[in-house]
Amino acid sequence: MPRRRDPAAPRVVHRTARVALRVTAGQRRRCFGLLRSAGDVWACVLEVNAWRRRRRDVPLSGYQELCRELATSGPGTFGELDSVGARSVLRRFSDAWFAAAKRRSAGDVSARFPRRRRGLVPVRWYHGTFTLDGLRVRIPTAKGSAPLWVRLAREVPYPVEQVRSVTLLCVGGRLFLDVTAEVPVAVYPPGEQPDPACVAGVDLGIIHPYAVAGPDGEALLVSGRAIRAEHRMHLADTKARRRGVARRAPKPGEKGSRRWRQYRRRARLVEGRHRRRVCQAQHEAARTVVSWAVRQRVGVLHVGDPRGVLDLSAGRRHNLRLRQWQIGRLIQILVDKATLAGISVRLVDERGTSSTCPACRRRVPKPRGRTLSCPHCAFSGHRDLVAAASIATRVPGGGSTTLAAVVLPEVVTHRRAGRHLPGAGRSRRDPRRPPRAARGSVGPRRPAPPGGESLAPKARIHNAHRKPGER
């Protein structure tokens, strides 16, 4: 029977932190051996199901029957991988299988069952099977193998008694350990907890990952221009690197040289660093939104769900921008941090919020910039904040519009996400971008600004709301 939760016990949520590993050459070889052994387990399950499929038998998909099949293989079949780690691979396969079956039963014919081999598969160990001692972690291995102790690059951000599992994985050629812990939901003093009657709207975007409009005329704009610049500069670097090594690339079926392997390794490291930078900036943006909501005592966040645009083909360039937007990750990060702070998140329909005047409720032509101007009632305001204010009036599962009054923001707080990114400092100059002389610019260079400040005009975000009839 499932364990019943004590109503008086504090509510907890599961949080995961990714910590890099500092390993020696021998430890790195053993860790990658565990990941490859997990890939062998995955491949064995695929091969067994292929045999059963040729014999017209029912495939093995349940976790228990997969574990029974694993037990018949005997010890030592998968190198140093222990039974707990192998069972975590079987759990991953079973979850993927039933998730695909659920999507197909719902009518999604694009869902595919797991039938692709993997060279490296993450391995998970649960509480009681590993040892966490400060910066050192003992990873379980098979019986008869030497103990494997690895060192973490930083402290685990959770107390040891809250850690429930660790997962060994490889991202961009580097070894990481995902530490999952049970973290209690934040508890506030009386009178300072989030108010469920206080609702704020959140509009997702590329220029502004989060635009939030509160019920009392307060608003928050989180700028994501540094994230967009990181994507653009990384794409330019990747194209230039590929053009430089195009002549050295091995032909199809030809074995690559040592120089080619070094280039591929460097490319994986650069790609992994780029993904970590963007992920950290996204977490900073979501943390800014949740901190602002806690100060405003917002209890419910209505988030506009724009994932329907991913089904529309808009050309090669724009499709790349949409994929780099990472809408699902932005929503998931915001949900995780809001849940930990005791704030509810509801996904609502955001169609028409950026092109509907909140004053006269008429359709407005899509503006080229950030300012929405209504030609019918002369209303003017920030496009993303107007959309967030309209999203706050939506209800989950309801119609596209409601008759609730739209509270337009009057006080706007501006924040930036990704100050750690190259070029996001005070000079706003990306070090990867070549100097003006190298790009062929003409004319004398501008003098160095005093104190390192940029000479560019300060950005102004339009926030003047004119009432209907005002000029």
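**Helices and a sheet, in conversation**

Reply: Start with helix 8, residues 383-391, in this predicted model. Helix 8 is mostly covered, with nine of its nine residues buried.

Me: Which residues are buried in helix 8?

Reply: Arg383, Asp384, Leu385, Val386, Ala387, Ala388, Ala389, Ser390 and Ile391.

Me: And what share of the chain is buried?

Reply: 38% of the 471 residues count as buried.

Me: How many helices and strands are there?

Reply: The chain has eight helices and 15 strands.

Me: What share of contacts comes from residues 24 or more positions apart?

Reply: They make up 69% of the contacts with a separation of 6 or more.

Me: On to helix packing. At what angle do helix 1 and helix 3 cross?

Reply: Roughly 50 degrees. Helix 1 covers residues 25-54 and helix 3 covers residues 83-105, and their axes come within 9 Å. The two helices are therefore oblique to each other.

Me: Is that crossing left-handed or right-handed?

Reply: The crossing of helix 1 and helix 3 is right-handed.

Me: Which residues make the contact?

Reply: Helix 1 brings Ala38, Val41, Trp42, Val45, Leu46 and Asn49. Helix 3 brings Ala86, Val89, Leu90, Arg92 and Phe93. By class, that contact has nine nonpolar residues, one polar and one charged.

Me: Why would residues three or four places apart point the same way in an α-helix?

Reply: Because an α-helix has 3.6 residues a turn.

Me: What about helix 2 and helix 3, how do they cross?

Reply: Helix 2, residues 63-71, crosses helix 3 at roughly 140 degrees, and the axes come within 9 Å. This crossing is right-handed. Tyr63, Leu66, Cys67 and Leu70 of helix 2 make the contact with Ala86, Arg87, Leu90, Arg91, Phe93 and Ser94 of helix 3.

Me: How many charged residues are in that one?

Reply: Two charged, alongside seven nonpolar and one polar.

Me: Next pair. How far apart are the axes of helix 4 and helix 5?

Reply: They are 10 Å apart, and the helices pack at an angle of about 175 degrees. Helix 4 is residues 225-244, and helix 5 is residues 258-295. Angles over 145 degrees count as roughly antiparallel, and helix 4 and helix 5 are therefore roughly antiparallel to each other.

Me: Which residues meet there?

Reply: From helix 4, Ile227, Glu230, His231, His234, Arg241 and Arg242. From helix 5, Tyr263, Val270, Glu271, His274, Arg277, Val278, Ala281 and Gln282. The classes come to five nonpolar, four polar and five charged.

Me: Which strands does helix 5 lie across?

Reply: Strand 9 (210-213), strand 10 (218-223), strand 11 and strand 15. Helix 5 runs at about 170 degrees to strand 10.

Me: What is the strand order in the open sheet?

Reply: The order is 12-11-8-9-10-15, six strands with mixed pairing.

Me: Which strands stand at the edges?

Reply: Strand 12 (344-349) and strand 15 (411-416). Each has a single partner strand, so one side of each is left without a neighbour in the sheet. From one strand to the next, the twist averages 25 degrees.

Me: Do strand 8 and strand 11 run parallel or antiparallel, and how many bridges join them?

Reply: They run parallel, joined by five bridges. Strand 8 is residues 195-204, and strand 11 is residues 298-305.

Me: What stands opposite alanine 200?

Reply: Leucine 301, in strand 11.

How values were computed: Residues numbered from 1 in each chain as written. Predicted model: local features only at pLDDT ≥ 70, side-chain atom pairs only at ≥ 80, totals over all residues. Heavy atoms only, no water. Axes fitted to C-alpha atoms, helices over the stretch in contact; angles between N-to-C directions. Helix = DSSP H or I, 4+ residues; strand = E, 2+ residues; numbered from the N terminus. Parallel < 35°, antiparallel > 145°, perpendicular 65-115°, else oblique. Left-handed = near helix turned anticlockwise from the far one by under 90°. Contact = heavy atoms within 4.5 Å. Nonpolar A, V, L, I, M, F, W, Y, C, P; charged D, E, K, R; others polar. Pairing = 2+ DSSP bridges. Buried < 20%, exposed > 50% of the residue type's maximum accessible area, 1.4 Å probe, protein only.
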